[in-house]
Amino acid sequence: MRVRSQVFAANTIRYMRRFVRVGLLVAAVTGAPSALAAGNSVSASTFKELTSIQEKISANQTAAALQDLKALHAKVEKDSLDEALVLQMLGYTEMGNNNYANAIDYLKRSLALNKLPENVKYNVGYMVAQLYAAQEKYQEALIFAEAWFKTLASPTPDQAIFMANIFAQTGDYAKAIPYVKQAINSGKEPRESWFQLYIACSFELKDYAQAAEALQAAIKQWPKKSEYWEQLASVYVLQGKDMKGLASLQLAWKMGVLEKESSIRSLVQLSVTKGVPEMGARLLESALGQQVVPRNEAWVDLLANAWLAARETTPAVTVFEELAGITGSGDPYVRIANIYVEQAKWKPAEQALRKALNAKLKEPGKAWLILGIVMTEQTQFDQGLEAFRKARAYAYSEKQAGSWLKYAEDLRRQHNWVTRNQSES
(Lines give C-alpha, C1' and ligand atoms only; values in the text may rest on other atoms or scores of the structure.)
Protein backbone atom coordinates (compact mmCIF):
# COMPACT_ATOMS: atom_id res chain seq x y z
CA MET A 1 0.00 0.00 0.00
CA ARG A 2 3.07 2.26 -0.25
CA VAL A 3 1.90 4.23 -3.28
CA ARG A 4 -1.53 4.68 -1.77
CA SER A 5 0.17 5.91 1.40
CA GLN A 6 1.96 8.67 -0.49
CA VAL A 7 -1.25 9.66 -2.28
CA PHE A 8 -3.16 9.77 1.01
CA ALA A 9 -0.46 11.92 2.64
CA ALA A 10 -0.43 14.28 -0.36
CA ASN A 11 -4.22 14.60 -0.26
CA THR A 12 -4.10 15.36 3.47
CA ILE A 13 -1.53 18.10 2.90
CA ARG A 14 -3.65 19.62 0.12
CA TYR A 15 -6.69 19.59 2.41
CA MET A 16 -4.82 21.38 5.20
CA ARG A 17 -3.43 23.99 2.83
CA ARG A 18 -6.90 24.64 1.50
CA PHE A 19 -8.11 24.87 5.11
CA VAL A 20 -5.61 27.66 5.72
CA ARG A 21 -6.07 29.37 2.36
CA VAL A 22 -9.82 29.88 2.60
CA GLY A 23 -9.60 31.30 6.10
CA LEU A 24 -11.00 28.34 8.04
CA LEU A 25 -7.84 28.35 10.09
CA VAL A 26 -8.58 31.79 11.45
CA ALA A 27 -12.21 30.92 12.09
CA ALA A 28 -11.27 27.80 13.97
CA VAL A 29 -8.75 29.60 16.12
CA THR A 30 -10.70 32.74 16.94
CA GLY A 31 -14.17 31.29 17.04
CA ALA A 32 -13.46 29.72 20.39
CA PRO A 33 -11.99 32.87 22.00
CA SER A 34 -14.98 34.87 20.79
CA ALA A 35 -17.45 32.51 22.39
CA LEU A 36 -15.39 32.16 25.51
CA ALA A 37 -14.94 35.90 25.83
CA ALA A 38 -18.68 36.28 25.96
CA GLY A 39 -18.72 33.85 28.86
CA ASN A 40 -15.87 35.68 30.63
CA SER A 41 -13.74 32.51 30.44
CA VAL A 42 -10.81 34.09 28.61
CA SER A 43 -9.13 37.33 29.60
CA ALA A 44 -10.09 40.40 27.63
CA SER A 45 -6.46 41.30 26.97
CA THR A 46 -5.69 37.88 25.51
CA PHE A 47 -8.80 37.99 23.37
CA LYS A 48 -7.84 41.47 22.09
CA GLU A 49 -4.33 40.37 21.17
CA LEU A 50 -5.55 37.20 19.48
CA THR A 51 -7.93 39.27 17.40
CA SER A 52 -5.08 41.53 16.35
CA ILE A 53 -2.91 38.55 15.46
CA GLN A 54 -5.79 37.13 13.44
CA GLU A 55 -5.79 40.24 11.30
CA LYS A 56 -2.08 39.78 10.58
CA ILE A 57 -2.66 36.17 9.57
CA SER A 58 -5.49 37.28 7.27
CA ALA A 59 -3.05 39.75 5.69
CA ASN A 60 -0.49 36.95 5.17
CA GLN A 61 1.82 38.52 7.74
CA THR A 62 2.50 35.12 9.27
CA ALA A 63 6.05 35.84 10.42
CA ALA A 64 4.90 38.85 12.44
CA ALA A 65 1.88 36.91 13.71
CA LEU A 66 4.10 34.06 14.87
CA GLN A 67 6.42 36.44 16.69
CA ASP A 68 3.46 38.11 18.42
CA LEU A 69 2.01 34.73 19.41
CA LYS A 70 5.28 33.65 21.01
CA ALA A 71 5.47 36.91 22.91
CA LEU A 72 1.86 36.48 24.04
CA HIS A 73 2.52 32.93 25.14
CA ALA A 74 5.36 34.11 27.34
CA LYS A 75 3.09 36.39 29.34
CA VAL A 76 -0.24 34.56 29.60
CA GLU A 77 -1.07 32.65 32.75
CA LYS A 78 0.31 29.14 32.67
CA ASP A 79 -2.05 26.14 32.58
CA SER A 80 -4.94 28.45 31.69
CA LEU A 81 -7.47 28.62 28.92
CA ASP A 82 -5.56 31.66 27.63
CA GLU A 83 -2.43 29.54 27.20
CA ALA A 84 -4.40 26.72 25.55
CA LEU A 85 -5.84 29.14 22.96
CA VAL A 86 -2.46 30.76 22.25
CA LEU A 87 -0.86 27.33 21.79
CA GLN A 88 -3.74 26.36 19.51
CA MET A 89 -3.19 29.41 17.31
CA LEU A 90 0.56 28.82 17.32
CA GLY A 91 -0.07 25.30 16.05
CA TYR A 92 -2.35 26.41 13.25
CA THR A 93 0.02 29.20 12.24
CA GLU A 94 2.95 26.79 12.04
CA MET A 95 0.75 24.46 10.05
CA GLY A 96 0.11 27.26 7.59
CA ASN A 97 3.89 27.62 7.25
CA ASN A 98 4.19 23.86 6.56
CA ASN A 99 6.14 23.38 9.79
CA TYR A 100 4.22 20.25 10.71
CA ALA A 101 6.45 19.03 13.53
CA ASN A 102 6.17 22.39 15.31
CA ALA A 103 2.43 22.50 14.62
CA ILE A 104 1.93 19.08 16.20
CA ASP A 105 3.96 20.07 19.24
CA TYR A 106 1.93 23.23 19.87
CA LEU A 107 -1.43 21.54 19.30
CA LYS A 108 -0.59 18.60 21.56
CA ARG A 109 0.54 20.99 24.28
CA SER A 110 -2.73 22.87 23.88
CA LEU A 111 -4.69 19.63 24.28
CA ALA A 112 -2.59 18.51 27.23
CA LEU A 113 -3.74 21.50 29.27
CA ASN A 114 -7.29 20.08 29.12
CA LYS A 115 -8.81 23.56 29.06
CA LEU A 116 -10.36 23.66 25.60
CA PRO A 117 -14.13 23.12 25.19
CA GLU A 118 -15.05 19.61 24.07
CA ASN A 119 -15.94 20.52 20.48
CA VAL A 120 -12.77 22.55 20.05
CA LYS A 121 -10.64 19.87 21.69
CA TYR A 122 -11.73 17.14 19.30
CA ASN A 123 -11.37 19.36 16.24
CA VAL A 124 -7.81 20.12 17.33
CA GLY A 125 -7.26 16.39 17.78
CA TYR A 126 -8.53 15.82 14.25
CA MET A 127 -6.03 18.35 12.93
CA VAL A 128 -3.21 16.62 14.83
CA ALA A 129 -4.30 13.35 13.22
CA GLN A 130 -4.14 14.94 9.79
CA LEU A 131 -0.71 16.40 10.48
CA TYR A 132 0.61 13.01 11.50
CA ALA A 133 -1.00 11.45 8.42
CA ALA A 134 0.66 14.07 6.21
CA GLN A 135 3.98 12.84 7.59
CA GLU A 136 2.94 9.20 7.11
CA LYS A 137 2.99 8.59 10.88
CA TYR A 138 -0.24 6.65 10.83
CA GLN A 139 -0.09 4.93 14.19
CA GLU A 140 0.21 8.32 15.89
CA ALA A 141 -2.54 9.71 13.68
CA LEU A 142 -4.86 6.85 14.64
CA ILE A 143 -4.71 7.70 18.36
CA PHE A 144 -6.15 11.17 17.74
CA ALA A 145 -8.42 10.19 14.83
CA GLU A 146 -10.32 7.53 16.77
CA ALA A 147 -11.02 9.88 19.69
CA TRP A 148 -12.21 12.57 17.28
CA PHE A 149 -14.44 10.27 15.19
CA LYS A 150 -16.32 9.02 18.27
CA THR A 151 -17.55 12.57 18.92
CA LEU A 152 -19.23 12.91 15.52
CA ALA A 153 -23.01 12.57 15.59
CA SER A 154 -23.36 12.27 11.80
CA PRO A 155 -19.97 11.68 10.17
CA THR A 156 -19.64 12.81 6.57
CA PRO A 157 -18.38 10.38 3.89
CA ASP A 158 -15.07 12.25 3.77
CA GLN A 159 -14.65 11.84 7.52
CA ALA A 160 -15.38 8.12 7.28
CA ILE A 161 -12.89 7.76 4.42
CA PHE A 162 -10.25 9.57 6.48
CA MET A 163 -10.66 6.91 9.15
CA ALA A 164 -10.61 4.13 6.55
CA ASN A 165 -7.37 5.45 5.10
CA ILE A 166 -5.73 5.70 8.51
CA PHE A 167 -6.61 2.09 9.34
CA ALA A 168 -5.50 0.93 5.89
CA GLN A 169 -2.14 2.65 6.24
CA THR A 170 -1.58 0.97 9.61
CA GLY A 171 -2.31 -2.39 7.98
CA ASP A 172 -5.62 -2.93 9.78
CA TYR A 173 -7.62 -3.54 6.60
CA ALA A 174 -10.47 -5.31 8.40
CA LYS A 175 -11.20 -2.17 10.43
CA ALA A 176 -10.84 0.06 7.38
CA ILE A 177 -13.58 -1.66 5.37
CA PRO A 178 -16.61 -0.71 7.55
CA TYR A 179 -15.64 2.97 7.23
CA VAL A 180 -15.33 2.64 3.45
CA LYS A 181 -18.74 0.99 3.29
CA GLN A 182 -20.17 3.74 5.47
CA ALA A 183 -18.95 6.34 2.98
CA ILE A 184 -20.14 4.41 -0.08
CA ASN A 185 -23.57 3.75 1.45
CA SER A 186 -24.02 7.34 2.60
CA GLY A 187 -26.43 8.11 -0.24
CA LYS A 188 -24.16 10.77 -1.66
CA GLU A 189 -22.41 10.34 -4.97
CA PRO A 190 -19.47 8.03 -4.20
CA ARG A 191 -15.96 8.73 -5.41
CA GLU A 192 -13.99 6.19 -7.37
CA SER A 193 -11.11 6.35 -4.88
CA TRP A 194 -13.47 5.00 -2.19
CA PHE A 195 -14.18 1.89 -4.23
CA GLN A 196 -10.49 1.49 -5.01
CA LEU A 197 -9.72 1.54 -1.29
CA TYR A 198 -12.49 -1.00 -0.66
CA ILE A 199 -11.09 -3.28 -3.36
CA ALA A 200 -7.49 -2.88 -2.18
CA CYS A 201 -8.35 -3.71 1.44
CA SER A 202 -10.29 -6.79 0.35
CA PHE A 203 -7.32 -8.03 -1.68
CA GLU A 204 -4.94 -7.37 1.21
CA LEU A 205 -7.17 -9.54 3.40
CA LYS A 206 -7.36 -12.18 0.64
CA ASP A 207 -11.11 -11.97 1.09
CA TYR A 208 -11.92 -12.68 -2.54
CA ALA A 209 -15.66 -12.94 -2.01
CA GLN A 210 -15.65 -9.41 -0.62
CA ALA A 211 -13.29 -8.26 -3.38
CA ALA A 212 -15.77 -9.58 -5.95
CA GLU A 213 -18.56 -7.70 -4.19
CA ALA A 214 -16.50 -4.50 -4.21
CA LEU A 215 -15.60 -4.90 -7.88
CA GLN A 216 -19.21 -5.59 -8.86
CA ALA A 217 -20.20 -2.38 -7.06
CA ALA A 218 -17.46 -0.46 -8.88
CA ILE A 219 -18.59 -1.88 -12.23
CA LYS A 220 -22.14 -0.64 -11.61
CA GLN A 221 -20.74 2.86 -11.18
CA TRP A 222 -18.12 2.72 -13.95
CA PRO A 223 -19.10 -0.05 -16.39
CA LYS A 224 -16.61 1.13 -19.02
CA LYS A 225 -13.57 0.79 -16.77
CA SER A 226 -11.78 -2.28 -18.11
CA GLU A 227 -9.57 -2.75 -15.04
CA TYR A 228 -12.56 -3.57 -12.84
CA TRP A 229 -13.78 -6.27 -15.24
CA GLU A 230 -10.27 -7.70 -15.49
CA GLN A 231 -9.82 -7.73 -11.72
CA LEU A 232 -13.24 -9.33 -11.24
CA ALA A 233 -12.32 -12.14 -13.62
CA SER A 234 -9.04 -12.64 -11.74
CA VAL A 235 -10.90 -12.81 -8.42
CA TYR A 236 -13.24 -15.49 -9.75
CA VAL A 237 -10.26 -17.53 -10.98
CA LEU A 238 -8.60 -17.18 -7.55
CA GLN A 239 -11.83 -18.54 -6.05
CA GLY A 240 -11.78 -21.47 -8.46
CA LYS A 241 -14.82 -20.06 -10.28
CA ASP A 242 -13.26 -20.14 -13.73
CA MET A 243 -16.56 -20.14 -15.60
CA LYS A 244 -17.63 -16.98 -13.78
CA GLY A 245 -14.28 -15.42 -14.67
CA LEU A 246 -14.79 -16.41 -18.28
CA ALA A 247 -18.32 -15.01 -18.30
CA SER A 248 -17.08 -11.70 -16.88
CA LEU A 249 -14.44 -11.35 -19.57
CA GLN A 250 -16.95 -12.35 -22.27
CA LEU A 251 -19.36 -9.67 -21.15
CA ALA A 252 -16.58 -7.08 -20.97
CA TRP A 253 -15.55 -8.02 -24.51
CA LYS A 254 -19.09 -7.72 -25.82
CA MET A 255 -19.33 -4.28 -24.19
CA GLY A 256 -16.11 -3.28 -25.92
CA VAL A 257 -14.25 -2.40 -22.73
CA LEU A 258 -11.41 -4.95 -22.68
CA GLU A 259 -8.12 -3.16 -23.28
CA LYS A 260 -5.26 -5.23 -21.93
CA GLU A 261 -3.78 -7.86 -24.18
CA SER A 262 -3.30 -10.03 -21.09
CA SER A 263 -7.07 -10.03 -20.50
CA ILE A 264 -7.83 -11.10 -24.05
CA ARG A 265 -5.23 -13.83 -23.72
CA SER A 266 -6.81 -14.94 -20.44
CA LEU A 267 -10.22 -15.00 -22.10
CA VAL A 268 -8.99 -17.22 -24.92
CA GLN A 269 -7.05 -19.53 -22.61
CA LEU A 270 -9.99 -19.85 -20.21
CA SER A 271 -12.24 -20.67 -23.15
CA VAL A 272 -9.90 -23.49 -24.15
CA THR A 273 -9.45 -24.93 -20.66
CA LYS A 274 -13.16 -24.72 -19.89
CA GLY A 275 -14.17 -26.69 -22.97
CA VAL A 276 -15.43 -23.90 -25.22
CA PRO A 277 -12.34 -23.33 -27.40
CA GLU A 278 -14.33 -22.39 -30.50
CA MET A 279 -15.69 -19.37 -28.67
CA GLY A 280 -12.15 -18.33 -27.73
CA ALA A 281 -10.90 -18.82 -31.27
CA ARG A 282 -13.71 -16.74 -32.77
CA LEU A 283 -13.19 -14.01 -30.19
CA LEU A 284 -9.47 -13.90 -30.97
CA GLU A 285 -10.20 -13.77 -34.70
CA SER A 286 -12.38 -10.76 -33.96
CA ALA A 287 -9.70 -9.12 -31.81
CA LEU A 288 -7.10 -9.65 -34.53
CA GLY A 289 -9.48 -8.32 -37.16
CA GLN A 290 -10.13 -5.18 -35.10
CA GLN A 291 -6.37 -4.82 -34.46
CA VAL A 292 -7.00 -4.92 -30.72
CA VAL A 293 -4.03 -7.28 -30.59
CA PRO A 294 -1.17 -7.51 -33.11
CA ARG A 295 -1.15 -10.25 -35.71
CA ASN A 296 2.26 -11.51 -34.64
CA GLU A 297 3.74 -14.92 -33.87
CA ALA A 298 2.40 -15.17 -30.29
CA TRP A 299 -1.19 -14.29 -31.14
CA VAL A 300 -1.37 -16.31 -34.36
CA ASP A 301 0.06 -19.31 -32.50
CA LEU A 302 -2.60 -18.91 -29.80
CA LEU A 303 -5.30 -18.72 -32.48
CA ALA A 304 -4.05 -21.84 -34.25
CA ASN A 305 -4.03 -23.82 -31.01
CA ALA A 306 -7.52 -22.59 -30.11
CA TRP A 307 -8.87 -23.82 -33.46
CA LEU A 308 -7.00 -27.08 -32.93
CA ALA A 309 -8.53 -27.52 -29.47
CA ALA A 310 -11.94 -26.88 -31.03
CA ARG A 311 -11.22 -29.66 -33.57
CA GLU A 312 -11.80 -27.17 -36.36
CA THR A 313 -9.07 -28.57 -38.56
CA THR A 314 -9.59 -26.41 -41.64
CA PRO A 315 -9.10 -23.04 -39.91
CA ALA A 316 -6.37 -24.60 -37.74
CA VAL A 317 -4.38 -25.65 -40.85
CA THR A 318 -4.88 -22.22 -42.43
CA VAL A 319 -3.60 -20.42 -39.34
CA PHE A 320 -0.63 -22.79 -38.90
CA GLU A 321 0.33 -22.02 -42.51
CA GLU A 322 0.11 -18.30 -41.67
CA LEU A 323 2.31 -18.93 -38.63
CA ALA A 324 4.90 -20.66 -40.79
CA GLY A 325 4.99 -17.60 -43.03
CA ILE A 326 5.44 -15.27 -40.05
CA THR A 327 8.19 -17.29 -38.36
CA GLY A 328 10.00 -18.77 -41.34
CA SER A 329 10.01 -22.00 -39.35
CA GLY A 330 8.98 -25.46 -40.47
CA ASP A 331 7.53 -26.38 -37.08
CA PRO A 332 3.97 -25.18 -37.90
CA TYR A 333 4.01 -27.59 -40.89
CA VAL A 334 4.84 -30.44 -38.51
CA ARG A 335 1.72 -29.46 -36.54
CA ILE A 336 -0.28 -29.53 -39.77
CA ALA A 337 1.13 -32.96 -40.60
CA ASN A 338 0.02 -34.26 -37.21
CA ILE A 339 -3.52 -33.02 -37.91
CA TYR A 340 -3.60 -34.96 -41.17
CA VAL A 341 -2.01 -38.07 -39.60
CA GLU A 342 -4.83 -38.17 -37.03
CA GLN A 343 -7.28 -38.18 -39.95
CA ALA A 344 -5.23 -40.77 -41.89
CA LYS A 345 -4.78 -38.27 -44.71
CA TRP A 346 -1.34 -39.44 -45.69
CA LYS A 347 -0.69 -37.45 -48.85
CA PRO A 348 -1.49 -34.01 -47.34
CA ALA A 349 0.58 -35.05 -44.29
CA GLU A 350 3.52 -35.92 -46.57
CA GLN A 351 3.26 -32.55 -48.35
CA ALA A 352 3.27 -30.68 -45.05
CA LEU A 353 6.30 -32.65 -43.83
CA ARG A 354 8.25 -31.97 -47.03
CA LYS A 355 7.66 -28.24 -46.47
CA ALA A 356 8.70 -28.59 -42.84
CA LEU A 357 11.97 -30.35 -43.71
CA ASN A 358 12.81 -27.69 -46.26
CA ALA A 359 12.72 -25.07 -43.51
CA LYS A 360 14.31 -24.55 -40.11
CA LEU A 361 13.14 -27.02 -37.46
CA LYS A 362 13.68 -27.24 -33.71
CA GLU A 363 13.67 -31.06 -33.81
CA PRO A 364 14.08 -32.32 -37.38
CA GLY A 365 14.39 -35.90 -36.10
CA LYS A 366 10.72 -35.90 -35.15
CA ALA A 367 9.73 -34.66 -38.61
CA TRP A 368 11.73 -37.44 -40.23
CA LEU A 369 10.10 -39.96 -37.88
CA ILE A 370 6.57 -38.83 -38.83
CA LEU A 371 7.51 -38.80 -42.51
CA GLY A 372 8.72 -42.37 -42.15
CA ILE A 373 5.34 -43.39 -40.71
CA VAL A 374 3.46 -41.50 -43.42
CA MET A 375 5.48 -43.07 -46.26
CA THR A 376 5.18 -46.54 -44.69
CA GLU A 377 1.38 -46.11 -44.50
CA GLN A 378 1.43 -45.32 -48.23
CA THR A 379 3.50 -48.53 -48.79
CA GLN A 380 6.40 -46.43 -50.06
CA PHE A 381 8.77 -48.45 -47.93
CA ASP A 382 12.07 -47.33 -49.39
CA GLN A 383 11.31 -43.70 -48.66
CA GLY A 384 9.88 -44.63 -45.27
CA LEU A 385 12.99 -46.62 -44.30
CA GLU A 386 15.23 -43.77 -45.45
CA ALA A 387 13.24 -41.32 -43.29
CA PHE A 388 13.51 -43.61 -40.24
CA ARG A 389 17.29 -43.91 -40.73
CA LYS A 390 17.56 -40.12 -40.77
CA ALA A 391 15.39 -39.87 -37.65
CA ARG A 392 17.63 -42.45 -35.94
CA ALA A 393 20.56 -40.02 -36.28
CA TYR A 394 19.06 -37.77 -33.58
CA ALA A 395 19.36 -38.80 -29.93
CA TYR A 396 15.82 -37.70 -29.01
CA SER A 397 14.23 -39.79 -31.79
CA GLU A 398 16.78 -42.60 -32.08
CA LYS A 399 14.90 -45.21 -30.04
CA GLN A 400 11.50 -44.64 -31.67
CA ALA A 401 13.04 -44.53 -35.13
CA GLY A 402 14.86 -47.83 -34.49
CA SER A 403 11.61 -49.54 -33.50
CA TRP A 404 9.76 -48.16 -36.50
CA LEU A 405 12.62 -49.15 -38.78
CA LYS A 406 12.32 -52.81 -37.75
CA TYR A 407 8.53 -52.64 -38.01
CA ALA A 408 8.69 -51.04 -41.47
CA GLU A 409 11.15 -53.67 -42.70
CA ASP A 410 8.77 -56.43 -41.52
CA LEU A 411 5.88 -54.69 -43.26
CA ARG A 412 7.89 -54.40 -46.47
CA ARG A 413 8.77 -58.13 -46.43
CA GLN A 414 5.12 -59.00 -45.75
CA HIS A 415 3.95 -56.61 -48.48
CA ASN A 416 6.44 -58.02 -51.00
CA TRP A 417 5.42 -61.63 -50.17
CA VAL A 418 1.72 -60.81 -50.62
CA THR A 419 2.47 -59.03 -53.89
CA ARG A 420 4.47 -61.96 -55.25
CA ASN A 421 1.80 -64.51 -54.33
CA GLN A 422 -0.89 -62.37 -55.92
CA SER A 423 1.10 -62.08 -59.15
CA GLU A 424 1.85 -65.84 -59.29
CA SER A 425 -1.78 -66.76 -58.78
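In the largest nonpolar core, which has 131 residues, the members that touch the most others are L116, L131, I264 and L284. Such a core is a set of buried Ala, Val, Leu, Ile, Met, Phe, Trp, Tyr and Cys residues joined through side-chain atoms within 4.5 Å. The model is predicted: local features need pLDDT of at least 70, side-chain atom pairs count only at pLDDT 80 or more, and totals for chains, interfaces and linings use all residues. Residues are numbered from 1 along each chain as its sequence is written, and side-chain values use heavy atoms, with hydrogens and water left out.

Apart from its neighbours within four places in sequence, L284 is in contact (heavy atoms within 4.5 Å) with V268, V293, W299, L302 and L303. In soluble globular proteins, nonpolar side chains tend to be buried together.

The protein contains 23 helices and 0 strands; helices (H or I, at least four residues) and strands (E, at least two) are DSSP runs, numbered from the N terminus. Of its 425 residues, 44% are buried, where buried means under 20% relative accessible area, exposed over 50% and partly exposed in between (1.4 Å probe, protein chains only). The accessible surface is about 21,500 Å², and carbon and sulfur atoms account for 49% of this; areas come from the Shrake-Rupley method with a 1.4 Å probe, and for residues only the protein chains shown count as cover. Among contacts between residues at least 6 apart in sequence, 53% join residues at least 24 apart.

Helix α7 covers residues 118-134, and its 17 residues should span 24 Å at 1.5 Å a residue, in agreement with the 24 Å between its end C-alpha atoms. The expected span is 1.5 Å times one less than the number of residues. Because 13 of its 17 residues are buried, α7 is largely enclosed by the rest of the structure. A133 lies in this helix and counts as buried at 0% relative accessibility. The C-alpha atoms of A133 and I166 are 7.4 Å apart, although 33 residues separate the two in sequence. Just after α7, E136 has a positive phi of about 60 degrees.

For helix α8 (residues 138-149), 12 residues should span 16 Å, and the end C-alpha atoms are 15 Å apart, which agrees. Its buried residues are Y138, A141, L142, F144, A145, W148 and F149. An α-helix has 3.6 residues a turn, so residues three or four places apart point the same way.

H73, in helix α4 (residues 62-75), counts as buried at 13% relative accessibility. Its side chain makes a polar contact with the side chain of E83 at 2.9 Å. A polar contact is a pair of N or O atoms within 3.5 Å; within protein, one must be able to donate a hydrogen and the other to accept it, and residues adjacent in sequence count only if both atoms are side-chain atoms.
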